Amino acid sequence: MIKEITVKSILNRHKKRDDWFLDDYSVNPFTGCTFGCKYCYIRGSKYGIDEIAVKINAPEILERQLKRRALKGQYGFIALSSSTEPYQKFEEKLGITRKILEIILKYRFPVHVLTKSTLVLRDIDLLKEINRKAILPEDLRGRLNHGAIINISISTIDDGLSRILEPGAPSPVERFKLVKKLKESGLFTGVSFIPVFPFISDTKEHLDKMIKLAKEHGADFVFVGALTLFGKGPKDSKTLYYKFLENRYPELVRKYKSLYRIFPMPNREYQKNLDHTAREICEKYGVRYKILVD
Ligand code: SF4
């Protein structure tokens, strides 16, 4: 039985729009996530989220908050979700994410759905309506023709690796099939290869295979981003990921320690190289590396 909590606010306004995700707001209908990805930074000490709970009054609160924003004309993309998976198994019965989409449609806000789950297919009807009816923020009008962006997160095409690192998520093959189905339904759909794993899934060869597959399944865009590792506690991503490395790739531990010596992300040079390689491969396959072309 999933714990139920009530909240006072559900719509988070972001100080600055993210260049990649284009979100001005985010809505997280749940806390925590049953998919249990080892690299997930929402669990553990960074945000102090230790339990899985449903924000049971989220639709009611969102209705109030979005109504106010709509009256002021403060339209902007809503990321659903930024710190939880909006289509966890229990959503099938609960329908909270679906109710949230109904409210987003009612007030004509654009939405950016971020998920690993095939359950998103259930809401294609609503997403298509949002895509047609949403009012884009003024500065994006003319630059983007979609009120709904669907973003499927895939970190590796290695099924065995995915089963260890993302034990509750659908397999990479299922997620690629999901991209195809969403595209076939007419929705603007891309793939986030975030995080790629240094020295494991970040090779040019691996990235080439991933981006090629994304293209073959119809992805409109691709994001590529490196792994981040946070915290020292037993539930923190850094601790869990290092345990995985010690078991499966002990020879890489030293290289990781050097790469993540100071910051939770790899050094600037690594990131620049990754970005450059991903961009080149995207160009080769004719797939957008960002939603908005520079
Ligand atoms: S699916 Fe997303 S939110 Fe859930 S555990 Fe994995 S990374 Fe975290």
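A search of the whole structure, a predicted model, finds 18 aromatic pairs. A pair of aromatic rings is described by the distance of the centres and the angle of the planes.

**Phe-30 and Phe-90**
- Phe-30 and Phe-90 form an edge-to-face pair, with 4.9 Å centre to centre and 80° between the planes.
- The pair links distant parts of the chain, 60 residues apart.
- Phe-30 belongs to strand S4 (residues 30-31).
- Phe-90 sits in the loop between strand S6 (77-80) and helix H2 (91-94).
- Both Phe-30 and Phe-90 are buried.

**Tyr-39 and Phe-197**
- The rings of Tyr-39 and Phe-197 make a tilted pair: 5.7 Å centre to centre, with 50° between the planes.
- Tyr-39 lies in the loop between S4 and strand S5 (53-55), and Phe-197 in the loop between strand S9 (188-196) and helix H7 (204-216), so the pair ties together parts 158 residues apart in sequence.
- Tyr-39 counts as buried because its relative accessibility is 6%, and buried means under 20%.
- Phe-197 is buried too, with a relative accessible area of 0%.

**The aromatic cluster**
- Tyr-39 and Phe-197 also belong to one aromatic cluster.

**Charges over rings**
- Lys-255 lies over the face of Phe-199, 4.5 Å from the ring centre.
- Lys-257 places its charged end over the ring of Tyr-242, 5.6 Å from the centre of that ring.

Terms used: Residues are numbered from 1 along each chain as its sequence is written. This is a predicted model: local features need pLDDT of at least 70, side-chain atom pairs count only at pLDDT 80 or more; totals for chains, interfaces and linings use all residues. Side-chain values use heavy atoms; hydrogens and water are left out. Rings of Phe, Tyr and Trp (its six-membered ring) pair if their centres lie within 6.5 Å; planes under 30 degrees apart count as stacked, over 60 as edge-to-face and the rest as tilted. Helices (H or I, at least four residues) and strands (E, at least two) are DSSP runs, numbered from the N terminus. Buried means under 20% relative accessible area, exposed over 50%, partly exposed in between (1.4 Å probe, protein chains only). A charge sits over a ring if NZ of Lys or CZ of Arg is within 6 Å of the ring centre and within 35 degrees of the ring normal.
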